[in-house]
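Please keep the sequence and the structure in view while reading.

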Amino acid sequence: MESPQKTSYQPAAIEEKWQKTWLELGLDKTHQDQNKPKFYALSMFPYPSGSLHMGHVRNYTITDVIARLKRMQGYRVLHPMGWDAFGLPAENAAIDRGVPPAKWTYQNIAQMRQQLQRLGLSLDWECEVATCSPDYYKWTQWIFLQFLEAGLAYQREAAVNWDPIDQTVLANEQVDNEGRSWRSGAIVERKLLRQWFFKITDYAEELLNDLDKLTGWPERVKLMQANWIGKSTGAYLEFPIVGLDEKIAVYTTRPDTVYGVSYVVLAPEHPLTQVVTTSDQKAAVAAFIKEVSNQSELERTAEDKPKRGIPTGGQVINPFTGEEVPIWIADYVLYEYGTGAVMGVPAHDVRDFKFAKEQNLAIKVVIVPEIGAEETLKSAYTEAGILVNSGDFNGINSIDAKKAIIEFAEKQNFGKLRIQYRLRDWLISRQRYWGAPIPVIHCPECGIVPVPEKDLPVQLPEDIELSGRGGSPLAQLESWVNVPCPSCGTPAKRETDTMDTFIDSSWYFLRYSDAKNEEKIFDSGKVNDWMPVDQYVGGIEHAILHLLYSRFFTKVLRDRGLFNFDEPFQKLLTQGMVQGLTYMNPKKGGKDKWIPSHLVDANNPVDPQTGEPLQRLYATMSKSKGNGVAPEDVINKYGIDTARMFILFKAPPEKDLEWDEADVEGQFRFLNRVWRLVTDYATTKKQLTNDNGQLTKAEKDLRRFIHIAIQAITEDVQDDYQFNTAISELMKLSNALTDADCHNSPVYAEGIQTLVIMLAPFAPHIGDELWQLLGNKNSVHTQPWPSFDPGALIVDEITLVIQIMGKTRGSIQVPAKADKADLEKYARESEVAQRYLEGKDVKKVIVVPGKLVNFVLG
């Protein structure tokens with residue numbers, strides 16, 4: 001076979017060639033060989049905005065390296081991609097541009113699919129899903145019916161953002177920071193509408209307990225989920241309303257402070273608010289409720305906002321003391337949380353203390369650090385201590401008092417122990433068009449009737465006009481809304497709400513295992529085979545909602561008998577952000593303070609409009625900051641493999657990555673060095689010599705270096721995916737091969753092949769091209785991952801340092817297995833020792849095995 005012609009590294013030509021070859025060979029297809037262990041590698045699927053950004057490239061590159069590596073390690077790999085395609089942006093685009101949401105979305109999908117394919121990712125496109133496709137949302141609707149049948153889906157009234165001018169419901173992101181509608185500019189109101197909910201609270205305890213099973217998740221993500229679920233143990237207590245046969249129920253984790261209650265607060269929207277308000281307070285209370293109704297939940301509960309309230313005129317009786325205390329309403333109490341009421345204990349709660357001071361309410365100390373301590377407070381005392389002013393409980397430490405007071409309340413029938421969760425049921429209704437329609441029909445005779453399974457999917461109508469005004473767009477299309485009841489035939493109406501898009505992304509990872517199944521949501525055998533996902537990769541911003549909802553769906557569908565696993569994602573990697581060099585004018589405010597980097601002279605960073613000096617910093621790439629780097633620009637200049645190498649080398653996957661053009665060039669130079677190294681060998685290699693099994697010292701040293709690299713890189717990529725240090729080891733191996741002088745040795749050939757194979761998952765295109773230049777027929781990606789030989793790490797010879805009176809005078813090579821006596825003998829016989837010891841009296845010889853021999857003279 002003739003040696004190949006030596007050529008320069010041309011990334012564009014190589015990348016196009018190999019992507020076409022991989023497609024023809026079907027290298028990325030999912031294999032079902034049950035003799036191989038499975039590995040499911042998954043990136044969080046993107047919203048099809050129309051263009052990839054560097055955050056996407058980083059996410060998908062990380063997962064792609066893992067998938068390629070696992071294939072080489074003998075796994076059958078599922079590595080799919082899809083589109084989280086429903087949502088508000090498509091609907092807004094339809095309103096702004098007059099383009100149907102489906103057309104806009106599918107155009108974006110086509111564009112982004114092309115961009116992803118150009119990245120050379122080893123994705124199995126035969127598993128592709130799009131959540132807006134009827135053949136996908138048919139099964140989203142089927143899942144809804146499973147929840148309904150299990151009693152986990154229900155309707156009740158809940159507050160929404162209401163635009164009084166456009167007469168429409170707004171998503172939170174459509175309300176600006178001044179509380180105005182993004183389109184009409186109207187002050188947004190809070191309005192009660194009947195909404196659909198999923199009973200995630202039924203699974204709160206299991207969702208919390210099973211976090212312990214997720215040993216492959218970052219601790220901070222598990223902590224965030226635990227805090228979101230928010231389990232607490234406390235007391236449910238009832239305060240009788242003076243003059244009425246009603247009680248106000250509160251939940252508290254501090255029953256030990258109940259003797260210090262000086263007021264009770266209701267949520268303004270609590271049904272009892274109207275009941276307890278006295279006639280002289282009705283006007284003031286009504287005005288306050290109207291004012292609060294215009295505030296979002298975030299505004300009402302923000303820590304930095306002053307807490308506002310007003311007395312209702314009503315009173316309750318503290319059942320522990322018999323004292324009457326006032327009933328207030330306040331903006332910081334929400335009806336949806338807990339019981340919608342709280343007891344005010346100013347002496348022992350920071351918020352209550354501040355509120356009581358502002359409203360001139362009583363502050364009664366009932367816990368002190370120790371007996372005899374001062375009872376006047378400058379701030380709330382919130383630590384444990386000893387009860388005072390607490391009747392029969394005086395003198396008890398507050399920890400024990402909690403239990404004793406709950407037991408007392410239970411005996412007296414005005415309270416009990418309660419476990420409560422911060423987690424609330426999931427509101428899934430959206431008064432929007434571009435989402436999966438909720439598959440129920442409202443019949444005046446039968447009530448809520450599920451759409452029969454044979455009639456799924458309930459498809460979105462295409463003949464609809466989207467204006468952003470009026471109620472739900474679907475509700476305005478009578479030809480779609482009006483249908484006969486499937487149970488009794490009576491004229492009825494379809495549900496016009498669509499589902500929260502988080503529902504679509506809460507089960508997509510299950511569909512990938514059997515994406516083309518038209519008869520079932522998936523085959524149980526296939527989903528049990530591939531699930532759970534072995535490695536999930538995505539942003540930390542999804543740490544709570546997406547991951548929690550996905551876990552919830554998995555547990556519900558398990559309980560419906562669809563599969564046999566408890567958790568969807570075995571290991572989770574939350575990759576860091578990609579940050580760009582950013583320029584900020586500290587004298588400007590809002591968005592104007594960010595100066596796009598292409599307008600700034602890096603050598604003299606000043607504001608092009610004002611001439612004011614700019615601050616330089618690294619910040620997450622975004623359009624608003626003007627600090628982004630387009631992936632296509634980098635790829636066109638350096639090639640895909642260089643972009644991948646930089647992304648993987650610059651920072652560990654979980655850390656933020658600072659984009660630096662100089663470092664990108666550094667990786668380009670490294671790939672060029674590897675190219676020259678391998679092509680020089682491929683074009684000039686001669687007949688291999690020294691194949692008699694006896695290796696020279698140079699060959700032994702090189703082989704040791706090769707297998708040290710194999711061991712180190714394999715460890716780096718195995719569990720923690722420290723790709724940056726793995727690439728560093730590849731660089732060291734490349735340098736060792738460059739410096740080696742045994743080019744005709746089989747050891748050198750082993751080193752070149754090992755370098756190319758281990759480079760391939762990181763830089764797949766150049767890897768395959770170099771593998772072919774070495775005379776190989778098959779793709780490098782079908783090669784087994786190298787295994788290291790522990791024997792290669794054994795050293796035959798060591799360097800022995802020779803010292804005279806503690807000073808190093810030279811060194812010699814000696815057998816590694818030499819004992820103390822032999823080491824002294826080798827040292828005495830050495831030219832170094834003879835030169836310094838001639839005519840001298842050696843008083844003592846100190847031998848440190850494996851290191852040195854020191855001659856002490858008399």
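Which residue of β12 does Q315 stand opposite? Q315 stands opposite P326 in β12.

The model is predicted: local features need pLDDT of at least 70, side-chain atom pairs count only at pLDDT 80 or more, and totals for chains, interfaces and linings use all residues. Residues are numbered from 1 along each chain as its sequence is written, and side-chain values use heavy atoms, with hydrogens and water left out.

**Overall**

- The protein has 26 helices and 33 strands; helices (H or I, at least four residues) and strands (E, at least two) are DSSP runs, numbered from the N terminus.
- Its C-alpha trace spans about 115 × 80 × 65 Å along the principal axes.
- Of the 858 residues, 51% are buried, where buried means under 20% relative accessible area, exposed over 50% and partly exposed in between (1.4 Å probe, protein chains only).
- Among contacts with a separation of 6 or more, 71% join residues 24 or more positions apart; contact means heavy atoms within 4.5 Å.
- The protein exposes about 39400 Å², and carbon and sulfur atoms supply 49% of this area (Shrake-Rupley method with a 1.4 Å probe; for residues, only the protein chains shown count as cover).

- β11 and β12 (residues 324–330) run antiparallel and are joined by 6 bridges.

**Sheet with β19 to β22**

- Another open sheet of 4 strands has antiparallel pairing and the order β20-β19-β22-β21.
- β20 (447–450) and β21 (482–484) stand at the edges with a single partner strand each, so one side of each has no neighbour in the sheet.
- β19 (residues 440–443) pairs with β20 in the antiparallel sense over 4 bridges, and the bridge partner of H442 in β20 is I448.

**Strand β8 and its partners**

- β8 (residues 231–240) pairs with β16 (residues 415–421) in the antiparallel sense over 7 bridges, with G234 opposite R418.
- β8 also pairs with β9 (residues 247–252), antiparallel over 6 bridges, and F239 stands opposite I248.
- The hairpin of β8 and β9 has 6 residues between the strands, and G243 takes a positive phi near 85°.

**Helices α7 and α17**

- Helix α7 (residues 219–229) packs against helix α17 (residues 545–559) at an angle of about 75°, with their axes 10 Å apart.
- α7 and α17 are therefore roughly perpendicular to each other (under 35 degrees counts as roughly parallel, over 145 as roughly antiparallel, 65 to 115 as roughly perpendicular and the rest as oblique).
- V221, Q225, W228 and I229 of α7 meet L545, L547, L548 and R551 of α17.

**Residue I66**

- I66 lies in helix α2 (residues 54–72) and is buried, with a relative accessible area of 0%.
- Leaving aside neighbours within four places in sequence, I66 is in contact with F39, Q535, Y721 and F723.

Definitions and conventions
Two strands pair if DSSP finds at least two bridges between them. Axes are lines fitted to C-alpha atoms, for helices over the stretch in contact, and angles run from 0 to 180 degrees between N-to-C directions.
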